[in-house]
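This report describes a protein model for a reader who meets it here. The sequence and structure come before the account.

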Amino acid sequence: MTDLAEAAVDAGFELPESWQDVLADEVGKPYFAQLAAFVAGERAEHQVFPPSGQEFSALEATPYDKVRVLVLGQDPYHDDGQAHGMSFSVLPGTKTPPSLRNIFKELDADLGIPAPDNGYLMHWAEQGVLLLNAVLTVRAHEANSHKAKGWEKFTDAVIRAVSEREEPCVFVLWGNYAKKKLPLIDTDRHVVVQGAHPSPLSAKLFFGSKPFSQIDAALEGFGAEPIDWKIPNLND
């Protein structure tokens with residue numbers, strides 16, 4: 001491990017084991033240690049989401065060799081108690097945010113799966129749905145406040161690493177920001193599902209796009225099982 005990588009680990013930026021080898025070169029670059037120092041400084045002066053130690057929750061929940069679908073978000077939820085390191089997901093007991101409510105509405109319209117009583121998407125992650133944000137931290141109540149600090153370089157490397165695998169994957173790019181990542185993906189090997197972002201600002205275009213049936217059809221085309229999209233209810 002390089003001195004820079006050790007500095008990043010000392011700052012709490014240690015990747016889950018399954019991702020360490022494939023991203024070893026990336027975490028050894030100067031920007032990654034600088035990013036770790038930036039986030040540490042932000043945490044010392046401000047409230048930052050998700051809580052320390054949860055920056056790589058998505059990578060922890062979905063090991064590198066298990067990724068079947070990659071859903072790309074932008075940056076974490078920035079209100080209290082929402083972000084826990086997985087794009088669009090919130091912990092049990094947290095009110096479902098508007099974008100996720102719209103995702104659940106489309107899931108119901110697309111596959112007839114009614115909205116659950118919570119927004120905890122671990123059930124998807126455990127089946128190989130990598131819920132990755134492009135930026136992995138945010139200052140409380142300040143959207144995009146950690147933009148252009150280095151996270152995008154790192155998550156671009158995550159996208160490229162998944163694209164470089166032999167095993168095919170479905171990449172889900174919602175909204176113009178996510179669609180800019182298309183050049184990182186080998187579209188000869190993988191399937192890309194694109195559409196409007198599920199936020200209230202673009203939900204009219206998101207509704208009716210049927211992304212879930214598209215994802216399942218692509219997986220079945222690979223010879224893989226579709227995703228069980230039904231999130232368990234807390235009260236079942």
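The lining of the largest pocket divides into nine nonpolar, 12 polar and two charged residues. Here Ala, Val, Leu, Ile, Met, Phe, Trp, Tyr, Cys and Pro count as nonpolar, Asp, Glu, Lys and Arg as charged, and the others, Gly among them, as polar. The model is predicted: local features need pLDDT of at least 70 and side-chain atom pairs count only at pLDDT 80 or more, while totals for chains, interfaces and linings use all residues. Residues are numbered from 1 along each chain as its sequence is written, and side-chain values use heavy atoms, with hydrogens and water left out.

The largest pocket is lined by 23 residues, and Asp-75, Pro-76, Tyr-77, His-78 and Ser-99 lie nearest its centre. On a 1 Å grid over the protein atoms alone, a pocket is an open set of points with protein on both sides within 12 Å along at least five of seven lines, a cavity is a set where a 1.4 Å probe fits but cannot get out, and lining residues have an atom within 4 Å of a point. The whole structure holds one cavity of 30 Å³ or more. A volume is the space filled by probe spheres set on the points, which are joined across faces, edges and corners.

| Space | Volume | Lining |
|---|---|---|
| Largest pocket | about 470 Å³ | nine nonpolar, 12 polar, two charged |
| Largest cavity | about 60 Å³ | 12 nonpolar, no polar, no charged |

Among the residues lining the largest cavity are Val-71, Phe-88, Val-172, Trp-174 and Trp-229. Strand S3 (129-133), strand S5 and helix H11 (211-221) each supply at least two residues of this lining. Helices (H or I, at least four residues) and strands (E, at least two) are DSSP runs, numbered from the N terminus.

Strand S5 (residues 170-174) has five of its five residues buried, so it is largely enclosed by the rest of the structure. Buried means under 20% relative accessible area, with a 1.4 Å probe and protein chains only. Val-170, Val-172 and Trp-174 point one way from S5, and Phe-171 and Leu-173 point the other way. In a regular strand the side chains alternate between the two faces of the sheet.

S5 runs parallel to strand S2 (residues 69-73), to which four bridges join it; Phe-171 is the bridge partner of Leu-70. Five bridges join S5 to strand S6 (residues 191-195), also in parallel, and Gln-194 of S6 is the bridge partner of Leu-173.

Note on methods:
Buried means under 20% relative accessible area, exposed over 50%, partly exposed in between (1.4 Å probe, protein chains only). Two strands pair if DSSP finds at least two bridges between them.
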